[in-house]
Amino acid sequence: MTDTSFMHIGLDDTDSTKGGCTTYLAAVLIEKLAQMPIHFIDYPALIRLNPNVPWKTRGNGALCLRLRHPPHLADDIKQLALNLWEQHSHLNNKGTNPGIVFYQHENIPKELTAFSRRAETSIVTLKEAIKLIRQVGAEALGYNTCRGIIGATAAIGETLNGDYTYELIAYRTVENWGTKRCVDKESIFNMDQLLQPKVFNNVDTEKNRVIITPRGPDPILFGIRGESADVVKQAFGLVKSLEPVERWVIFRSNQGTDVHLRRVNSIDKLERYSSVILQCVVSKNPRIVPVRHVIFSIKDAYGEMDCAAYEPTGDLRKIARELVVGDCIEVMGAVHRSTKDKHLTINLEKINILNLNQKVVQQNPFCPNCQKRLKSMGKHQGLRCERCGEKFVTLKKQEIALPRTLKPGLYLTSARSQRHLTKPLRRFGQEKQGESVVLIEGWHSP
Ligand code: ATP
């Protein structure tokens, strides 16, 4: 018998739209565990799963705590986790289906990691999760439909061995839950300015708005995202909160890594609820539909479909509006089925412009006699000069090339409408490749 054991605790789906937050449960659990003779072997993992899952409450986040402990404490740790999980779960809410999973080995088997990859990019079933839990010798408990077991299992399996980021989440005191968050706006803009590009998605410069504070009734005061635990901690010190911070924790996360995007080779291979990267050609010019959404069509050798840049995508919508037939692009976004015509549509997150086509307009030529632009006399009727009255039946419309304002390159939705998993421009070039992780001193509140 060894003198050390390992435990991975996966948690999901404890909250409802009326309140609660699984990260908060994790934060409370961390504090209680820290009072025991245990050792955290990693930061708590905040794992975002497939953002297109229709039954998610908000950002489809699941949590995992990983620890080393004396073997005799295994049952106490599980009991503590179970008690808090039950206490913090909104069990009376119909849409809340809490799940908790314990995996008591040091290394994560590859089947679990493969499951997490699928949960990040497609739809998986509870049946699959339970089969896997049995196969790897994990334990799970769930309430209501038990669907949270899916996310709890996936959080354990995502070991963040490739690219990853950090988020420091600060929580509000209970009496403030449900009220307007009070954080000094200027301090957040200053912090972002000082620490960029090591922090990201703090502010929306287009609308001059802070985006680290959520709007719902949950206990989160704000969350600061960045490239290292040190930088998010430093950022925390620079943000002036105008209300008390109850507790805070640094999470390691797949946020901002584009892990949800999968390259698909042709239109006929697109699957609903997935997020894809697809190379294609613009086949119909953009049109604006109510309320200020931009729709254009794309095609490849296997089919044609619509792409949508909705109004909240901000900057991306402006780029989409400038595309013309023949532009060669990569589109990135979620595959949805339109409610109107039931066809698949890509809701755009990013557009990579590879090659711009000539933008041409057709114009009537000038009158050879008096240089005034000719007028059309109707379909197939030829052209006529309004000044000299002469008619020209053989003269054709001319194609005039217009300059393009667009430039090839990658364009993203505005920061305020980026999904948790979307890699922002600021992160490009800062991707990690499985660097070893060191827990900094004071990664959670005492
Ligand atoms: P929050 O971000 O506040 O934690 P949420 O958006 O994460 O809320 P949940 O309440 O956790 O939403 O609901 C998401 C549910 O979907 C969970 O039960 C989770 O297990 C399940 N789920 C997550 N990913 C998938 C997937 N790929 N396929 C099927 N179900 C999934």
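At roughly what angle do the axes of α3 and helix α4 cross? Keep in mind that this is a predicted model.

**Stop one: α3 and α4.** Select residues 110-121 for helix α3, then residues 126-136 for helix α4. The two axes cross at roughly 165° and come within 10 Å. Angles over 145 degrees count as roughly antiparallel, and α3 and α4 are therefore roughly antiparallel to each other. The crossing is left-handed. Now show side chains. From α3, pick Glu111, Leu112, Phe115 and Arg118. They meet Glu128, Ala129, Leu132, Gln135 and Val136 in α4. By class, this contact has 5 nonpolar, 1 polar and 3 charged residues.

**Stop two: α3 and α5.** On the α3 side, select Leu112, Thr113, Phe115, Ser116 and Ala119. Their partners in α5 are Ile150, Thr153, Ala154, Ile156 and Gly157. The contact has 6 nonpolar and 4 polar residues, with no charged ones.

**Stop three: the ligand.** Which residues come nearest to the ligand? Of the 22 around it, select Asp13, Asp15, Thr57, Arg58 and Asn60. Start at Trp55: a polar side-chain atom lies 3.2 Å from a ligand oxygen. Go on to Gly61, where a backbone N or O atom sits 2.7 Å from an oxygen atom of the ligand. Finish at Ser122: a polar backbone atom of this residue is 2.7 Å from a ligand nitrogen.

Note on methods
Residues are numbered from 1 along each chain as its sequence is written. This is a predicted model: local features need pLDDT of at least 70, side-chain atom pairs count only at pLDDT 80 or more; totals for chains, interfaces and linings use all residues. Side-chain values use heavy atoms; hydrogens and water are left out. Axes are lines fitted to C-alpha atoms, for helices over the stretch in contact, and angles run from 0 to 180 degrees between N-to-C directions. Helices (H or I, at least four residues) and strands (E, at least two) are DSSP runs, numbered from the N terminus. Contact means heavy atoms within 4.5 Å. Ala, Val, Leu, Ile, Met, Phe, Trp, Tyr, Cys and Pro count as nonpolar, Asp, Glu, Lys and Arg as charged, and the others, Gly among them, as polar. A residue is near a molecule or strand if one of its heavy atoms lies within 4 Å of it. A polar contact is a pair of N or O atoms within 3.5 Å; within protein, one must be able to donate a hydrogen and the other to accept it, and residues adjacent in sequence count only if both atoms are side-chain atoms. Angles under 35 degrees count as roughly parallel, over 145 as roughly antiparallel, 65 to 115 as roughly perpendicular and the rest as oblique. A crossing is left-handed if the near helix is turned anticlockwise from the far one by less than a right angle, and right-handed if clockwise.
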